[in-house]
Amino acid sequence: MLHGFKTVRDTLDPLFATYYAIPVFAFYPLLIILLGLGDAPQIIIAFMLGVIAVIVNTLNGLDRVPRVLLKTARIVQMTPLETALRVTLPYAAPYVMTGVKFAVAYSLIGIIGSEFIMSSGGMGFEISFAYNNFDNATMYPLIVVILVISITINLLVGWWEKRILARRA
């Protein structure tokens, strides 16, 4: 929808371009006040970090759909939904998937960082606790576990991307 409304898009583009310049973790105390201690502030921070990557990359992909494809869809009298499902989204799929990969990475950073800053549990808390107590034997294996989780998720998204692109071809 954002791609279709040029005025709204032009208004929000500067925000998207500078979004990551603002440390999202600065909102953590406000989120704790609004949502209390627990998982909700961490989930919101992860969402805030990930959603913009998907939006920006999706808009980038939609901007690159050749006009000839859209004109062809109109000529064969496709409905807007058919055009989206058969032309626009398949063409933009690589960009959307890149946004998903970024979102996964940013969301993991958001969750681990939130736990690191202010939490009483989770892997980020455990890493922070081990770091503060000079417990390298605990800290580094936890970091490796996070790396393995991140790599596994990225491999799954990459596999999903290959399946989508194979259907597109």
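Helix α3 passes helix α5 in a right-handed crossing, a label used when the near helix is turned clockwise from the far one by less than a right angle, with left-handed for anticlockwise. Helices here are DSSP runs of H or I with at least four residues, numbered from the N terminus. This is a predicted model, in which local features need pLDDT of at least 70 and side-chain atom pairs count only at pLDDT 80 or more, while totals for chains, interfaces and linings use all residues. Residues are numbered from 1 along each chain as its sequence is written, and side-chain values use heavy atoms, leaving out hydrogens and water.

Let us stay with this first pair. The axes of α3 (residues 40–63) and α5 come within 7 Å and cross at roughly 160°; axes are lines fitted to C-alpha atoms over the stretch in contact, with angles from 0 to 180 degrees between N-to-C directions. The two helices are therefore roughly antiparallel to each other, since angles over 145 degrees count as roughly antiparallel, under 35 as roughly parallel, 65 to 115 as roughly perpendicular and the rest as oblique. Their contact has 14 nonpolar, twelve polar and one charged residues. Here Ala, Val, Leu, Ile, Met, Phe, Trp, Tyr, Cys and Pro count as nonpolar, Asp, Glu, Lys and Arg as charged, and the others, Gly among them, as polar.

Next, look at helix α4 (residues 67–75), whose axis comes within 11 Å of that of α5 and crosses it at roughly 170°. That makes α4 roughly antiparallel to α5. From α4, L69, L70 and A73 meet T83, V87, T88 and Y91 of α5, where contact means heavy atoms within 4.5 Å. This contact divides into five nonpolar, two polar and no charged residues.

Now follow α5 (residues 80–117) to α6 (residues 123–132): their axes come within 7 Å and cross at roughly 50°. These two helices are therefore oblique to each other, and their crossing is right-handed. I112, E115 and F116 of α5 make the contact with M123, G124, F125, I127 and S128 of α6.
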